[in-house]
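Trainee: Hi! Could you walk me through this one while I have it open?
Mentor: Happy to, let's have a look together.

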Amino acid sequence: MCGIIGCVGRGEETVETLLSGLSTLEYRGYDSAGIALANGSLDVVKKQGELDALEQVVATTTLSGSVGIGHTRWSTHGPPSDRNAHPHTDTEGNVAVVHNGIIENYQELRDELEREGVVFTSDTDSEVVPHLMARSLHEGASPREAFRDAISQLEGSYAIAAVVAGADTIFAVRQDSPLVLGIDDDAYYLASDVPAFLEYTRDVVYLEDGQFAELRADGWTVFDHEGDETTPTVDTVEWSAEQTGKSGYDHFMLKEINEQPTALRQCLSGRVDEVSGGVTVDELDDLDTPSAVQFVACGTSYHAALYATTLLHEVGIPANAYLASEYATTHPPLPNDTLVVGITQSGETADTLSALRNAESRGAETLALTNVVGSSAARECDHALYLRAGPEIGVAATKTFSSQLVGVNLLVERLRPSGSPTGELRSLIAGLRDLPGHVQQVLDDSTALEIVDELFGAEAFFFIGRGLHYPVALEGALKFKEITYEHAEGFAAGELKHGPLALVTENTPVFAIVTGDDEEARKTLGNIKEVEARGAPVVAVTDGKAEVERYADYVLEIPETHERTSPVLANVQLQLVAYHMAARLGRSIDKPRNLAKSVTVE
């Protein structure tokens, strides 16, 4: 979850480049930050807290060197502190290392080094790396040899970059944690994510597990795990540097909520044809209809997976959604011809990658539904369906969740068995076509801010829905708790009377999602009456067809649309509720406490 940046070839702009990259990477961690520059010696500056704390120290410190690495930390081993901040150095200060991941055998290595007299100055697992390198250097190894020797002793997941005093090279390696190179004409970069150097270059090399890289002012080289040079593909990313900025919004989250119409148009472009009434997903041309589908995902993506299983059941394909963190340890049965789909915004979520690898090892066909071209999930799976949502910087996923719901609809229609009823397909395509405009209508007309003002100070917040709206209720609660730090829970509406109703009081607002006027809507109305009878304020998210406003205290309106696209619109209203409540409470919306954007450790 930590963020790594490195650059060579920027001359006097090295410090500025590193700090700019760290600013872009703060969504990956903001417990502490630091930089190291290599020259004849090493200059290292690091500080607990958000990046501005480091910037204040840098402003009063003389630093030199045109080869540098930086790090922004999300704490795993050891609490946030100056001494636990990266980069970490050896005892003599000749090696500096930044690390993302978890070194599983660090205690064994630390014990060994301490028996040799090494004194550790942090609580982190990462600090073993510079000491291992220093030991090899003292034994006569070259910096490259020392780096490879240190890495050969590690077990776990890691992306590591190191610099050595007197060497004008950044040494880097990746194993189960993301690391990408940026290739420019006269400067070279490495980072945990592309946006860190996007203002300088869009040409990238995605390192594979076990690959080593060296960046020098005169060029770059990638080696395989045996030390042989390789010739990796240089890709050009479609994102622009402007897309990773706030564009005048107070927060990335608000910007990304408002980008949803554009994100959905991009996701749908060239994939639905209202004239022919068909769905075309070119990247899945060679995918056959499976006998069953299993989804593996975490957090917000898991809610998209729950939505997906309901859609697949409707077209006659057995489907289950699993929390990726549980999948690899519970080993669900894999019937023949099962497709395992990993839903992951970043394509680097450690638990989801582990689940996909487990499924592949057991013979399953795999597919990644992801937003990041070239990500680990996209490269490792048999198939990849890209969301095309553009970069998402805010920790709380917004436009990528909406795009996941649309992407799932495309996947379901691609997998629809021959002979399955298709009468609703034209209506669905019309709903998908209208979706970007409908989302814009919600954004323009929402009364979420006014309702938040009315509900401010409540003790807890509950979200309920049925069918396709149940995952949206879960997502609404997750988004709310993530950025407001208030207690929020999502429930299947029918489950209220099986326990959660005991929590409902006049001080616990209930957000109820009700669309259409079918039996499902009527049953949800009954649940609304249950909480109303206990004095709870009710906020209805509705298209008005069920006349729920007769029983609700407040209404968040969405346009009438297809039943499969209405959850997207309801979700946008709940995103706005969470955002405005968090703003009202003065929370750190883009950097909520204890959370990071991309969870790259298990």
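Mentor: One definition before we start: a strand here is a DSSP run of E with at least two residues, and strands are numbered from the N terminus. By that count T169 lies in strand β8, residues 169–175. Keep in mind that this is a predicted model.

Trainee: Okay, T169 then. Why does T169 count as buried?
Mentor: Its relative accessibility is 8%, and the cut-off for buried is under 20%, so T169 counts as buried.

Trainee: And what does T169 touch, leaving out residues up to four places away in sequence?
Mentor: T169 touches V67, A162, V163, E214, L215 and R216.

Trainee: What are the pairing partners of β4?
Mentor: Strand β1, residues 3–8, runs antiparallel to β4 and is joined to it by six bridges. One of the residue pairs there is I5 with its bridge partner G70 in β4. Strand β2, residues 32–38, also pairs with β4 in the antiparallel sense, over seven bridges. For S32, the bridge partner in β4 is R73.

Trainee: Let's change topic. In what order do the strands of the five-stranded open sheet come?
Mentor: The order is β24-β23-β25-β26-β27, and the pairing is parallel. The edge strands are β24 (488–492) and β27 (554–557), each pairing on one side only. From one strand to the next, the twist averages 20°.

Trainee: Can we zoom in on β23 and β25? Over how many bridges do they pair?
Mentor: Three, in the parallel sense, between β23 at residues 461–465 and β25 at residues 510–514. Within that pairing, I464 stands opposite A512 in β25.

Trainee: Nice. Which strands of the sheet does helix α14 touch?
Mentor: Helix α14, residues 448–455, packs on the sheet and touches β23, β25, β26 (538–542) and β27. Its direction makes about 155° with that of β27.

Trainee: And which strands does α15 lie across?
Mentor: Helix α15, residues 469–484, lies across β23, β24 and β25. Relative to β24, α15 runs at about 175°.

Trainee: On to helix packing. At what angle do α13 and α17 pack?
Mentor: About 30°, with the axes of α13 (residues 425–445) and α17 (residues 566–585) 10 Å apart. Angles under 35 degrees count as roughly parallel, so α13 is roughly parallel to α17. The crossing of α13 past α17 is right-handed.

Trainee: Which residues make that contact?
Mentor: From α13 there are L435, H438, V439, V442 and L443, and from α17 there are V568, L569, V572, Q573 and L576. Those contact residues divide into eight nonpolar, two polar and no charged.

Trainee: Last one: how do the axes of α7 and α13 cross?
Mentor: They cross at roughly 175° and come within 8 Å, with α7 covering residues 260–268. That makes α7 roughly antiparallel to α13. On the α7 side the contact is made by Q260, P261, L264, R265 and L268. On the α13 side, the contact residues are L432, L435, P436, G437, V439, Q440 and L443. The residues of this contact divide into eight nonpolar, three polar and one charged.

Notes
Residues numbered from 1 in each chain as written. Predicted model: local features only at pLDDT ≥ 70, side-chain atom pairs only at ≥ 80, totals over all residues. Heavy atoms only, no water. Pairing = 2+ DSSP bridges. Helix = DSSP H or I, 4+ residues; strand = E, 2+ residues; numbered from the N terminus. Axes fitted to C-alpha atoms, helices over the stretch in contact; angles between N-to-C directions. Contact = heavy atoms within 4.5 Å. Buried < 20%, exposed > 50% of the residue type's maximum accessible area, 1.4 Å probe, protein only. Parallel < 35°, antiparallel > 145°, perpendicular 65-115°, else oblique. Left-handed = near helix turned anticlockwise from the far one by under 90°. Nonpolar A, V, L, I, M, F, W, Y, C, P; charged D, E, K, R; others polar.
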